[in-house]
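Me: I would like to go through a structure with you, one topic at a time. Could we begin with the helices and then turn to contacts between side chains?

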Amino acid sequence: MDREGNYLSFPVCVMTLNHFMWNGLGGHAKTFGTVQGLLFNQSEGLNTGITKLGEQVVEKMLDKKNGRRIIPDVKHMSIPSRKWYYDLMAKMRLEGDTVPIVATHVGVAGESWAVVENGKLKKMHKTADWLYQEPISIFDEDIKEIAMSKGVLGIMLDKYRLGGPKAHEMVDESRAGSINRRKVYIKLLVLNMLEVVDALQCKEAWDIISIGSDFDGMISAMETYDQGFKFGALHEDLFAFFDSPEDIWDLYPRRKIQRYMYGLSASEITDKVMGGNLISFTERILENDLGLHADASQPEGNQTQKSKQ
């Protein structure tokens with residue numbers, strides 16, 4: 001709604017509940033590292049839960065009485081805030097209303113929330129060396145909630161937020177823009193995708209994975225894929241990897257990668273993550289919220305071609 005109470009001609013589909021700093025709605029996850037943290041203090045509200053005001057805002061965002069709902073983006077929400085939101089989603093599903101859970105630009109932790117709650121557990125898993133296991137990442141519990149709701153998660157193109165210390169070393173030891181650097185980036189991206197599949201242990205895991213670049217954010221972008229016109233190269237590199245998989249460090253041998261492809265071809269997986277899943281998600285949103293198909297409003301002869309699933 002605008003200030004006069006009129007519904008927007010181009011309504012918002014997805015919106016974050018919070019970002020870097022405390023806004024009174026709910027706790028946020030830590031974003032900045034040590035150096036940035038000296039300039040931007042995130043301590044107020046850090047890792048706390050949702051507030052009463054935040055509950056009211058979420059309720060209004062999801063209300064369809066005055067038009068289409070706005071889906072909250074769980075990125076930047078603290079783990080306690082996400083837990084509250086997932087509980088709300090479960091209650092709504094029991095009432096027959098399934099709201100897709102969306103995480104627009106994330107890294108995948110590859111473990112349970114327990115590694116955050118218990119530091120000793122984190123040290124026991126070798127995934128900690130290769131994946132970014134901080135509250136701002138998406139964990140196994142998040143992934144299962146997203147899949148259950150037929151939502152979507154976008155893997156961001158940040159060269160440091162997708163990996164742990166050893167992955168950072170691999171990036172820094174390769175020359176920027178080189179073939180070796182591109183190979184490291186692709187392995188890092190695929191590693192994050194495989195951890196989604198590992199959490200769900202099913203073929204349908206490939207239906208919720210997409211690219212969420214976060215080019216408009218404060219990120220250290222992968223320079224080989226840091227602009228939209230370079231997505232053709234990203235598509236080609238992902239296809240080449242899935243067409244002939246290589247071991248991903250000491251986490252995923254080639255045979256396990258092939259098994260986790262669940263019979264899907266390199267072309268099918270690449271098309272899904274490079275746009276197909278987002279098209280399908282958009283179609284579901286339009287149909288569920290507006291009661292029409294994504295191609296219904298297109299002029300005849302210029303209808304949207306449905307993605308092959």
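Reply: One definition is needed before the helices: the expected span of a helix is 1.5 Å times one less than its number of residues. Please also keep in mind that this is a predicted model.

Me: How many residues does α10 have, and what distance does it reach from its first C-alpha to its last?
Reply: Helix α10 covers residues 231–243, which is 13 residues. It reaches 18 Å from the first C-alpha to the last, close to the 18 Å expected.

Me: Which residues of α10 are buried?
Reply: They are L234, D237, L238, F241 and F242. Seen down the axis of α10, these buried residues fall within an arc of 130 degrees, so they line one face of the helix.

Me: Why would residues three or four places apart point the same way?
Reply: An α-helix has 3.6 residues a turn, so residues with that spacing point the same way.

Me: And what is exposed on the other side of α10?
Reply: E236 and D243 are exposed there.

Me: Back to D237. What does it form a salt bridge with?
Reply: D237 pairs with R182, and the closest N and O atoms are 2.7 Å apart. R182 lies in helix α9 (residues 179–200) and D237 in helix α10, so the pair ties together parts that are 55 residues apart in sequence. D237 counts as buried, at 17% relative accessibility, while R182 counts as partly exposed at 27%.

Me: How many salt bridges are there by this rule?
Reply: The count comes to ten salt bridges. One of them joins D97 and R69, with the closest N and O atoms 2.8 Å apart. D97 is in the loop between α3 (79–94) and β3 (102–106), and R69 is in the loop between α2 and β2 (71–73), so this pair ties together parts 28 residues apart in sequence.

Me: Is R69 buried or exposed?
Reply: R69 is buried, with a relative accessible area of 5%.

Me: What about K166, which residue does it form a salt bridge with?
Reply: K166 forms one with D129, where the closest N and O atoms are 3.9 Å apart. K166 lies in helix α8 (residues 165–173) and D129 in helix α6 (residues 127–130), so the pair ties together parts that are 37 residues apart in sequence. K166 is partly exposed, at 35% relative accessible area, and D129 is partly exposed as well, at 29%.

Me: Changing topic: how many disulfides does the count come to?
Reply: The count comes to zero disulfides. As for individual cysteines, C13 counts as partly exposed at 26% relative accessibility, and C202 counts as partly exposed at 23%.

Me: Which residues form a nonpolar patch on the surface?
Reply: M21, L39 and F40 form such a patch, with about 300 Å² of accessible area together. M21 sits in the loop between β1 (14–16) and α1 (34–39) and is partly exposed, with a relative accessible area of 32%.

Me: Now the backbone. What is the phi of W249?
Reply: The phi of W249 is near 50 degrees, a positive value in a residue other than glycine. W249 lies in the loop between α10 and α11 (254–260) and is buried, with a relative accessible area of 19%. Y262 also has a positive phi, of about 50 degrees, although it is not a glycine. Y262 lies in the loop between α11 and α12 (266–290) and is partly exposed, at 28% relative accessible area.

Note on methods: Residues numbered from 1 in each chain as written. Predicted model: local features only at pLDDT ≥ 70, side-chain atom pairs only at ≥ 80, totals over all residues. Heavy atoms only, no water. Helix = DSSP H or I, 4+ residues; strand = E, 2+ residues; numbered from the N terminus. Buried < 20%, exposed > 50% of the residue type's maximum accessible area, 1.4 Å probe, protein only. Arc of directions from axis to C-beta. Patch = residues over 30% accessible without salt bridge, like charges linked within 9 Å, V, L, I, M, F, W, Y side chains within 5 Å. Areas by Shrake-Rupley, 256 points an atom, 1.4 Å probe, with all protein chains shown as cover. Salt bridge = Lys/Arg side-chain N within 4 Å of Asp/Glu carboxyl O. Disulfide = S-S within 2.5 Å.
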